[in-house]
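Hi,

Here is the structure I said I would pass on. My notes on what turned up follow below it.

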Amino acid sequence: MPTVSGSTAAPAPTTTTTAVPRPGESTGAFVYRTQCAGCHGPTGEGNLGPELRGIASRLGVEAQVMVVRTGNLRMPAFSPALSEAEIRAVVAYTRSELPGPPASAR
Ligand code: HEC
């Protein structure tokens with residue numbers, strides 16, 4: 001007897017497009033990956049925006065917080081999209097966690 005099978009359509013994907021931190025990922029790393037990496041490169045090597053590796057030797061922390069808050073030319077302003085705490089976390093991340101410039105350039 002022929003059977004009438006049910007729908008063979010695959011179930012709807014359950015993945016969400018809302019970015020969430022990866023396990024163990026810090027706030028700064030998460031914000032960098034989701035907000036900054038597109039323009040500054042996944043490891044800060046630069047792309048549309050300038051290289052951020054070694055930024056701590058070029059810019060003071062408060063100056064850097066200001067750039068992220070208010071933007072500059074093609075650098076978008078991230079306040080109020082990011083909280084002050086998130087801005088400080090991502091600035092700290094770029095200063096301490098991004099790979100530095102090549103050892104030969106230090
Ligand atoms: C749409 C692309 C874009 C995004 C997204 C972006 N930036 Fe930028 N960023 C730029 C550009 C372009 C500049 C250079 C601005 C200028 O000419 O002064 C810049 C400059 C900067 C500078 C100053 C660099 C220097 O050497 O003076 C810092 C710091 C910075 N960005 C951090 C961030 C952080 C942190 C994020 C994520 C929260 C971010 N940017 C997201 C495009 C971007």
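A residue counts as buried if 20 or more other C-beta atoms lie within 10 Å of its own, as exposed if 12 or fewer do, and as partly exposed in between, with C-beta atoms placed from the backbone. Buried residues make up 16% of the 106 residues in the protein chain.

Two points on the source. This is a predicted model, in which local features need pLDDT of at least 70, side-chain atom pairs count only at pLDDT 80 or more, and totals for chains, interfaces and linings use all residues. Numbering starts from 1 along each chain as its sequence is written.

Fold. The protein chain has three helices and zero strands. Helices (H or I, at least four residues) and strands (E, at least two) are DSSP runs, numbered from the N terminus. The pattern along the sequence is α-α-α. Contacts are pairs of residues with C-beta atoms, placed from the backbone, within 7 Å. Of the contacts with a separation of 6 or more, 55% join residues 24 or more positions apart.

Helix packing. Helix 1 and helix 3 pack at about 90°, with axes 8 Å apart. Axes are lines fitted to C-alpha atoms, for helices over the stretch in contact, and angles run from 0 to 180 degrees between N-to-C directions. The two helices are therefore roughly perpendicular (65 to 115 degrees). Helix 1 brings residues including Thr27, Val31 and Cys36 to the contact, and helix 3 brings residues including Glu86, Val90 and Tyr93. The contact residues divide into eight nonpolar, three polar and one charged. Here Ala, Val, Leu, Ile, Met, Phe, Trp, Tyr, Cys and Pro count as nonpolar, Asp, Glu, Lys and Arg as charged, and the others, Gly among them, as polar.

Core. The largest nonpolar core has eight residues: Val31, Tyr32, Cys36, Val68, Ile87, Val90, Val91 and Tyr93. Such a core is a set of buried Ala, Val, Leu, Ile, Met, Phe, Trp, Tyr and Cys residues joined through C-beta atoms within 7 Å. Helix 3 gives the most to this core, four residues. Beyond its neighbours within four places in sequence, Val68 contacts Phe78, Ile87, Val90 and Val91.

Ligand. Of the 23 residues around the ligand, Cys36, Cys39, Gly49, Arg74 and Met75 come nearest (near means a C-beta atom, placed from the backbone, within 6 Å). Helix 1 supplies the largest share of this shell, six residues. By class, the shell has 14 nonpolar, seven polar and two charged residues.

Best wishes

Conventions:
Contact = placed C-beta atoms within 7 Å. Parallel < 35°, antiparallel > 145°, perpendicular 65-115°, else oblique.
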